[in-house]
Each structure stands twice: as C-alpha cells, then as structure tokens.
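Here is a short walk through one protein chain.

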Amino acid sequence: MSDSESILVHSILIISSLFIAVLAKLFRPEKPNNFAGYRTKRSLLSQHTWDFANEYAGNLIMWASLLTIVIEIFSYFTMEALTSVYVTAGVMTAGLFTAIAVTEYQLKHRFDKEGNPIQKTGDRY
C-alpha cells in the first residue's frame with residue numbers, strides 16, 4: 001500500500017469514527033422508532049429503557065470512537081500500512097460490539113422484563 005493510499009484509508013477511518021461518535025452522542029431520538037437510535041429488543045420495551053439505552057450506548061460509542069482514533073494515529077506511525085488498517089478496523093469493530101454488550105448487560109440489570117426501572121438501594125440511576 002502506498003503512502004497516499006494509506007493516508008486516504010486512515011482518513012476515511014477517522015471520519016467514520018467521528019461520524020459514528022457524533023451520531024451516537026448528539027442525535028438521540030426522543031421516542032422509540034424503527035429508523036434511528038439504539039434499537040434492540042430490550043431498548044424498545046419502554047420509554048425508560050429507550051432513554052437509558054440511547055444515552056448509555058451513545059456515551060460508550062463516543063469513547064470507543066475516540067479510542068479508535070488514538071490507536072489509529074499510534075498504529076499509523078508504528079506499524080506497516082496494511083497492518084495499521086487491520087488493527088484500526090478491529091479496534092473499531094470491537095469497540096462497537098463492546099458498547100452493545102455492555103449496554104444490553106446494563107438494561108438487563110436495571111430494568112425488569114416490562115421495561116420498568118428496578119429500584120435498588122443506593123442506586124441513583
């Protein structure tokens with residue numbers, strides 16, 4: 001891979017990461033729908049689960065995107081071009097899957113099967 005190709009691929013990955021972070025953090029639909037937002041079986045149970053899941057996943061995705069960019073910059077200067085692209089794509093994918101898994105875990109433990117918040121002593125959320 002030439003230097004110009006490498007820069008182009010890394011630029012696309014950085015823009016993709018930033019785009020995902022901005023969408024997840026700033027554009028949160030107010031009501032459950034079939035088009036936008038964090039949509040899983042659990043997040044669509046109620047307005048409570050929808051609000052929580054979209055805020056929680058949005059924050060995780062934003063941090064995963066920032067981590068992806070940091071690792072991408074580091075790998076660009078320390079690895080071969082193609083290896084750097086694979087590492088970046090792997091980190092981006094792992095970050096998104098981790099955000100989904102952690103959000104689903106939190107939904108399962110914070111809400112009942114009908115989507116109502118579970119009240120725990122000392123739990124502010």
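Helices (H or I, at least four residues) and strands (E, at least two) are DSSP runs, numbered from the N terminus. His48 is found in helix 2. This is a predicted model, in which local features need pLDDT of at least 70, side-chain atom pairs count only at pLDDT 80 or more, and totals for chains, interfaces and linings use all residues. Residues are numbered from 1 along each chain as its sequence is written, and side-chain values use heavy atoms, with hydrogens and water left out.

Take the whole chain next. It has 3 helices and 0 strands. Along the sequence the pattern reads α-α-α. The radius of gyration is 17 Å, well over the 14 Å that the globule rule gives for 125 residues, so the chain is more spread out than a compact globule. That radius is taken over C-alpha atoms, and the globule rule is 2.2 Å times the number of residues to the power 0.38. The C-alpha trace spans about 55 × 30 × 20 Å along its principal axes.

How much of the chain is buried? Of the 125 residues, 31% count as buried. Buried means under 20% relative accessible area, exposed means over 50%, and partly exposed lies in between (1.4 Å probe, protein chains only). The chain exposes about 8300 Å², and carbon and sulfur atoms supply 66% of that area. These areas come from the Shrake-Rupley method with a 1.4 Å probe; for residues, only the protein chains shown count as cover.

Now look at contacts, meaning heavy atoms within 4.5 Å. Among contacts in the chain with a separation of 6 or more, 62% are between residues 24 or more positions apart. His48 and Gly115 are 67 residues apart in sequence, yet 6.7 Å apart in space, C-alpha to C-alpha. Not counting residues up to four places away in sequence, His48 touches Phe111, Gly115 and Pro117. His48 is partly exposed, at 46% relative accessibility.

Ser65 is also in helix 2. Ser65 is buried, with a relative accessible area of 4%. Leaving aside neighbours within four places in sequence, Ser65 is in contact with Ser17, Ile20 and Ala21.

Pro29 sits in the loop between helix 1 (3-26) and helix 2. Its partners, not counting residues up to four places away in sequence, are Ala36, Gly37, Trp50 and Asn54. Pro29 and Asn54 are 25 residues apart in sequence and 8.1 Å apart in space, C-alpha to C-alpha.

How many aromatic pairs does a search of the whole structure find? It finds 3. Rings of Phe, Tyr and Trp (its six-membered ring) pair if their centres lie within 6.5 Å; planes under 30 degrees apart count as stacked, over 60 as edge-to-face and the rest as tilted.

The rings of Phe52 and Tyr56 have centres 5.1 Å apart and planes at 25°, so this pair is stacked. Phe52 and Tyr56 are 4 residues apart in helix 2 (residues 47-78), separated by about one helical turn. Phe52 is buried at 17% relative accessible area, while Tyr56 is partly exposed at 23%. The rings of Tyr76 and Phe77 have centres 5.0 Å apart and planes at 85°, so this pair is edge-to-face. Tyr76 is partly exposed at 29%, and Phe77 is exposed at 67%. Phe52, Tyr56 and Phe111 form one aromatic cluster.
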